[in-house]
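I opened the notebook to record what I looked up in this structure.

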Amino acid sequence: MTPFGAHIRELRAKRGVTLKQMADELEVSSAYLSALEHGKRGQPSIMLVRQICAYFEIFWDEAEALERLAEMSHPRIVVDTSGLSPKATLVANLLADRIRTLDEGAIDRLLDVLNR
C-alpha cells in the first residue's frame, strides 16, 4: 500500500464511504480505485487527486499535502544514479535489495535522515 492509498482508505473509513460509492462518484472503476489504494497502480493523475480533494471537501494546505503525498506514492521507483558517486549507487542498490527486510524502526530512522 502506498502512503497516498493508505490516506485515501483512512478518509473513506472516517466518513463511512465504501470503495464502490467513491468510485461511482469519481466515475472510475472500483477495481482501479482499489488498485490505487493498494499500490498496484502508479501515481494518480493530478486531476484525480483534485477530484478526490473535492469529493472529501479537502482544501488549501490539506489539499496540497495530499498532492505531495500522491507525488511520493509511486509503488515502483527508478533511481538514476548516473553522474553520482559510487557510494550513491551502492546506497540505491542496497536499499532496493533490502527494502523488504527493513522493520518499521529502520524505516523510521531512514526517514529521519532523509527528511533533514
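**Layout**

I started with the domain assignment, which gives domain 1 (3-72) and domain 2 (86-115). I kept in mind that this is a predicted model. Next I asked how far apart the C-alpha centres of the two domains lie. The distance between the centres of domain 1 and domain 2 is 27 Å.

The protein has 7 helices and 0 strands. Read from the N terminus, the order of elements is α-α-α-α-α-α-α. I also took the extent of the C-alpha trace along its principal axes, and noted about 50 × 30 × 30 Å.

**Largest pocket**

I turned to the pocket search. The largest pocket has a volume of about 1700 Å³. I counted 34 lining residues, and those closest to the pocket centre are Met 72, His 74, Ile 77, Leu 95 and Ile 99.

Which elements give two or more residues to this lining? I found helix H5 (60-71), helix H6 (86-98) and helix H7 (104-114). H7 supplies the largest share, with 7 residues.

I checked the lining against the domain bounds as well. Domain 1 (3-72) and domain 2 (86-115) each contribute at least three residues to the lining of this pocket.

How do the lining residues divide into nonpolar, polar and charged? I logged 20 nonpolar, 8 polar and 6 charged residues.

**Nonpolar surface patch**

Leu 95, Ile 99, Leu 110, Val 113 and Leu 114 make a nonpolar patch of about 440 Å². H7 gives the largest share of the patch, 3 residues. I placed Leu 95 in helix H6.

I cross-checked the two residue lists. Leu 95 and Ile 99 are among the residues closest to the centre of the largest pocket, and Leu 95 and Ile 99 also belong to the nonpolar patch. H7 leads in the pocket lining, and H7 leads in the patch too.

**Salt bridges**

The whole structure holds 5 salt bridges. I picked out one of them: the side chains of Arg 9 and Glu 37 meet at 3.6 Å, N to O. Which parts of the chain does this pair link? Arg 9 sits in helix H1 (residues 3-15) and Glu 37 in helix H3 (residues 30-37). The two residues are 28 residues apart, and I noted the pair as a link between distant parts of the chain.

Conventions:
Residues are numbered from 1 along each chain as its sequence is written. This is a predicted model: local features need pLDDT of at least 70, side-chain atom pairs count only at pLDDT 80 or more; totals for chains, interfaces and linings use all residues. Side-chain values use heavy atoms; hydrogens and water are left out. On a 1 Å grid over the protein atoms alone, a cavity is a set of points where a 1.4 Å probe fits but cannot get out, and a pocket is an open set with protein on both sides within 12 Å along at least five of seven lines; lining residues have an atom within 4 Å of a point. Grid points are joined across faces, edges and corners, and a volume is the space filled by probe spheres set on the points. Helices (H or I, at least four residues) and strands (E, at least two) are DSSP runs, numbered from the N terminus. Ala, Val, Leu, Ile, Met, Phe, Trp, Tyr, Cys and Pro count as nonpolar, Asp, Glu, Lys and Arg as charged, and the others, Gly among them, as polar. Domain bounds come from an automatic or database domain assignment. Patches are made of residues with over 30% relative accessible area and no salt bridge: like charges are joined within 9 Å, nonpolar side chains (Val, Leu, Ile, Met, Phe, Trp, Tyr) within 5 Å. Accessible areas come from the Shrake-Rupley method with a 1.4 Å probe; for residues, only the protein chains shown count as cover. A salt bridge is a side-chain nitrogen of Lys or Arg within 4 Å of a carboxyl oxygen of Asp or Glu.
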